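This report goes through one structure, beginning with a single residue and ending with the sheet. Please look at the sequence and the model first.

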Amino acid sequence: MIDLIKRLPKAELHLHIEGSLEPELMFRLAKKNQIEIPYKDIEDVRNAYNFTNLQTFLDIYYAGADVLITQDDFYDLTWEYILKCVEDNVIHTEIFFDPQTHTARGVAFETVITGIKRALADAKAQYGITSCIIMCFLRHLSQEEAFETLEQALPFKDDIIGVGLDSSELGNPPSKFKDVFKKAKEEGFKLVAHAGEEADFSYIYEALDLLDISRIDHGVQSIKSDELMQRLKDEQMPLTVCPNSNIELRVFDNYKAHNIKELLDYGLNITINSDDPAYFKGYINQNFINISENLPLTEDDIITLVKNSFRSSFISDELKQQYL
Ligand code: ES4
Ligand code: ZN
């Protein structure tokens with residue numbers, strides 16, 4: 001099984017590039033950019049990665065992102081993730097970034113996107129890895145600020161395939177961003193949103209009905225509504241599930257308690273992703289391995305999960321045919 005997982009060419013659809021910042025790179029950039037970080041060594045960092053919910057993670061994740069300043073920093077961050085893709089046999093990846101985390105610190109939108117883009121161009125040239133970029137609005141900030149971010153993205157429209165919604169879910173429902181998602185759609189962006197990660201399934205309904213998204217990030221709380229499950233199945237709406245993340249953020253008590261096998265058996269379009277691999281103890285293969293070691297998944301299930309990722313990706317139909 002582990003051999004199959006490692007061997008299969010995979011696509012990743014839910015990966016925050018800031019969440020792939022490994023402690024080693026964090027230290028190197030902190031030193032270079034003379035940014036203070038609240039850790040004395042690598043071990044100290046790893047010890048701090050002990051989360052009790054989404055917010056306790058986000059506080060540490062945003063602090064870590066402070067070390068990213070120059071275009072080269074974003075290049076190096078993205079390139080290190082690409083090397084993990086090579087290791088894990090990920091041949092297509094759709095990368096989230098959080099522009100507001102950087103623009104709020106005085107780092108220009110252009111600096112961020114240019115650094116990421118350059119690494120992705122090299123990934124294609126050196127390894128044939130294809131990719132898309134999705135920018136996320138931070139939902140703890142206002143819709144007005146999301147509108148400003150959308151404005152900043154317009155000159156880079158050709159480089160950004162879609163918009164998403166992330167950060168603190170509870171208390172920040174999709175309805176808060178209805179107008180900005182409508183505008184993003186008019187501008188031609190594809191739409192996704194984190195929904196039903198920690199918050200209840202009403203957030204998933206809002207994301208579907210008010211934001212008109214074409215993929216749900218996480219969505220594991222769907223299981224609490226039979227009606228929603230039936231709808232997600234009928235529509236074959238993709239769910240980008242992130243098992244390590246769900247365990248590390250205590251959405252489920254342990255891997256045996258994860259509901260991914262039930263979601264899959266019901267007939268939902270489920271995919272496996274790594275979310276913030278530097279913080280959640282592993283990249284995509286480790287996510288597959290953890291669930292396959294703890295749940296009664298078959299080899300066919302693994303193949304279905306991998307195929308679902310390609311079929312739910314934002315690549316052209318032509319490339320999709322080639323990959324499938
Ligand atoms: C995130 Cl796991 C998760 N949930 C919501 N927002 C995020 N941003 C980065 N990782
Ligand atoms: Zn996420």
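Leaving aside its neighbours within four places in sequence, which residues is aspartate 276 in contact with?

## Aspartate 276

Beyond those neighbours, aspartate 276 is in contact with His16, Gly19, Tyr61 and Ser245. Contact is counted if the C-beta atoms of two residues, placed from the backbone, lie within 7 Å. Aspartate 276 is buried, because 25 other C-beta atoms are within 10 Å; 20 or more make a residue buried, 12 or fewer exposed, and counts in between partly exposed.

The loop between β8 and α14 holds aspartate 276. UniProt, in an unreviewed entry, gives Asp276 the feature "binding site"; such annotations may be inferred rather than shown by experiment.

## Basis of the model

This is a predicted model, in which local features need pLDDT of at least 70 and side-chain atom pairs count only at pLDDT 80 or more, while totals for chains, interfaces and linings use all residues. Residues are numbered from 1 along each chain as its sequence is written, and chains are lettered from A and ligands numbered from 1 in the order in which they are written.

## The sheet

Eight strands (DSSP runs of E, at least two residues) form an open sheet in the order β1-β2-β3-β4-β5-β6-β7-β8, with parallel pairing. Pairing requires at least two DSSP bridges between two strands. β1 (10–16) and β8 (269–272) are at the edges with a single partner strand each, so one side of each has no neighbour in the sheet.

Strand β3 (residues 130–138) pairs with strand β4 (residues 162–166) over five bridges. Opposite phenylalanine 137 stands leucine 165 in β4.

How values were computed: Helices (H or I, at least four residues) and strands (E, at least two) are DSSP runs, numbered from the N terminus.
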